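I opened this notebook to keep a record of what I looked up in one structure, entry by entry.

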Amino acid sequence: MNEKELNMVEHLEELRTRLMITVGAFILFLCLSFFFVKDIYRFFTRDLSEELIILGPSDVVWIYFMLASVVAIACTIPVLSMQIWLFVKPALKEYERKTALFYIPALFLLFIAGLCFGYFVIYPIVLNFLNELGEGVMTTAYTADRYFKFIINMSLPFAVLFELPVVMMFLTSLGILNPYVMGKIRKYAYFVLIVIAVSITPPEFLSDFIVAVPLLLLYEISVSLSKIVYKRKLRKEAQYEREHNQIHGI
């Protein structure tokens, strides 16, 4: 086995270790979430005037598992970020390592911010709109399964989308992306984000506007932050090159 193959095996072993640590953390958080799952359930149903309905005995287990899984995913984000950083760390220069380390808490905070935006802003708007459609015509009774799936569908996509600025900054710091490319594809990105906003909100202009504007702002913030990271990266690379040349007398 040559040196290249040995390096590949070492990288795969390292990747396997990082994945196992992440999965282990998820399982640990899942168990802890199950311990508090009734409190989590009460938090999400605190504003309902009636108790939710289940259609079978096993539905309770599935609902508790779904709630615990979402909480466990949110708690695992920092662990996953740290493992990604540790995996790519050997390939980064010293200044890149310090910059990349900043993204770990930022990923978690933005994930939580996205969840809060989806749950406290988007979810009430969509739920009230749907209730008004059936008001005076139908009797509303929620099953627990569909109710929590609805909350997750209204919240989780925003948790992912709110990660956009940090992801763009991280890719820029690695040299995979730069702000000028993001600027060139701006109109296509706007189109995709507006389609997402219209797809997940009721057919009402105000709802579409409330969702679309934050998404477009997120993209512009991503471009601005990417510019800052890109300029800093160029300065650091130039400084690193000068110091390298001085050390070697070039």
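The entries below follow the order in which I looked things up.

**Ground rules.** I am working with a predicted model, in which local features need pLDDT of at least 70 and side-chain atom pairs count only at pLDDT 80 or more, while totals for chains, interfaces and linings use all residues. Residues are numbered from 1 along each chain as its sequence is written, and side-chain values use heavy atoms, with hydrogens and water left out.

**Salt bridges.** I looked for a side-chain nitrogen of Lys or Arg within 4 Å of a carboxyl oxygen of Asp or Glu, which is the rule for a salt bridge, and the count by this rule is five. To describe cover I call a residue buried under 20% relative accessible area, exposed over 50% and partly exposed in between, using a 1.4 Å probe and protein chains only. Helices are DSSP runs of H or I with at least four residues, numbered from the N terminus.

I began with helix α1 (residues 3-35), where Arg16 and Glu13 are three residues apart and so separated by about one helical turn. These two form a salt bridge, with their closest N and O atoms 3.9 Å apart. Arg16 is partly exposed at a relative accessible area of 48%, and Glu13 is also partly exposed, at 42%.

In helix α1 I also noted Glu14 and Arg18, which are four residues apart and therefore separated by about one helical turn. Their salt bridge has its closest N and O atoms 2.7 Å apart. Glu14 counts as partly exposed at 28%, whereas Arg18 is buried because its relative accessible area is 18%.

Which parts of the chain does the salt bridge between Glu220 and Arg186 link? The side chains of Glu220 and Arg186 meet at 2.7 Å, N to O, and the pair links distant parts of the chain, with Glu220 in helix α9 and Arg186 in helix α8 (residues 186-199), 34 residues apart. Glu220 is partly exposed at 23%, and Arg186 is partly exposed at 27%.

**Aromatic rings.** I paired rings of Phe, Tyr and Trp (its six-membered ring) if their centres lie within 6.5 Å, calling planes under 30 degrees apart stacked, over 60 edge-to-face and the rest tilted. The structure holds 19 aromatic pairs. One of them is the stacked pair of Tyr119 and Tyr123, at 5.3 Å centre to centre with 5° between the planes. Tyr119 and Tyr123 are four residues apart in helix α4 (residues 94-134), so about one helical turn separates them, and both are buried. Ring pairs also join these two tyrosines into a cluster whose members include Tyr41, Phe44, Tyr64, Phe120, Tyr142 and Phe148.

**A covered helix.** I then turned to helix α6 (residues 164-173), which is mostly covered, as seven of its ten residues are buried. Among them are Pro165, Val166, Met168 and Phe170. After α6 comes Gly175, with a positive phi near 85°.

**A positive patch.** My last entry concerns Lys227, Lys231, Arg232, Arg235 and Lys236, which form a positive surface patch; such patches join like charges within 9 Å, from residues with over 30% relative accessible area and no salt bridge. Arg235 lies in helix α9 (residues 205-247) and is exposed, with a relative accessible area of 54%.

Conventions
Patches are made of residues with over 30% relative accessible area and no salt bridge: like charges are joined within 9 Å, nonpolar side chains (Val, Leu, Ile, Met, Phe, Trp, Tyr) within 5 Å. Accessible areas come from the Shrake-Rupley method with a 1.4 Å probe; for residues, only the protein chains shown count as cover. Lys and Arg count as positive and Asp and Glu as negative; His and the chain ends are not counted. The place of a charge is taken as NZ of Lys, CZ of Arg, CG of Asp or CD of Glu. Helices (H or I, at least four residues) and strands (E, at least two) are DSSP runs, numbered from the N terminus.
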